[in-house]
Amino acid sequence: MQPFARRSIVNGVQLKRHVGQQVSIHLNVDRAEDGCKSFTAKSTDGVNVNVVLSEPLNGVCTGWVEVIGIAAPNDMVRGKEIITYFSSGNDEKLQEFDVDGHNMLCTLLSVCKETLYLGPQM
């Protein structure tokens with residue numbers, strides 16, 4: 001099992017403040033074809049984000065996804081991992097996503113430093 005890598009949860013506007021850092025961003029993909037290594041998708045706050053993958057996609061990708069990777073200049077993410085969302089209990093893609101709630105979370109996390117800091121560990 002790989003160790004957990006710290007990352008910042010961001011939206012499209014916040015992406016440029018994290019260049020070179022590990023991030024997690026939620027994107028709505030119109031369609032990314034099987035085998036492609038890059039695609040463009042819209043963030044929760046409406047920014048077009050380019051995703052460049054190290055490995056080609058294994059299947060067609062549409063709908064809401066979470067991309068984990070390194071933020072790069074010009075609204076780009078070098079994706080390491082893509083997480084897709086499905087409705088519970090079946091294989092239907094999740095179409096609705098609380099974008100306002102997610103943007104509020106991103107704002108909260110950007111102003112609250114060390115939100116989960118528990119003090120020195122012994």
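A: In helix α1, the residues His-102, Asn-103 and Cys-106 are buried. Viewed along the axis of α1, these buried residues fall within an arc of 100°, so they line one face of the helix. The face of α1 turned away from that buried side carries exposed residues, namely Asp-100, Met-104 and Val-111. This is a predicted model.

The helix covers residues 99-111, which is 13 residues. From first C-alpha to last, α1 reaches 19 Å, close to the 18 Å expected at 1.5 Å a residue. Its buried residues are covered by parts of the chain that include the strands β1 (8-10) and β2 (22-32).

Gln-22 is buried, because its relative accessible area is 16% and buried means under 20%. The side chain of Gln-22 makes a polar contact with the side chain of Lys-80, at 3.2 Å. Apart from neighbours within four places in sequence, the residues in contact with Gln-22 include Ser-8, Ile-68 and Ile-70.

As for the setting, the chain has 1 helix and 6 strands, and from the N terminus its elements run β-β-β-β-β-β-α. Of the 122 residues in the chain, 34% are buried. Among contacts with a separation of 6 or more, 53% join residues 24 or more positions apart. The accessible surface of the chain comes to about 8,100 Å², and carbon and sulfur atoms hold 53% of that surface.

Terms used: Residues numbered from 1 in each chain as written. Predicted model: local features only at pLDDT ≥ 70, side-chain atom pairs only at ≥ 80, totals over all residues. Heavy atoms only, no water. Helix = DSSP H or I, 4+ residues; strand = E, 2+ residues; numbered from the N terminus. Expected span 1.5 Å × (residues − 1). Buried < 20%, exposed > 50% of the residue type's maximum accessible area, 1.4 Å probe, protein only. Arc of directions from axis to C-beta. Contact = heavy atoms within 4.5 Å. Polar contact = N/O pair within 3.5 Å; in protein donor to acceptor, adjacent residues only side chain to side chain. Areas by Shrake-Rupley, 256 points an atom, 1.4 Å probe, with all protein chains shown as cover.
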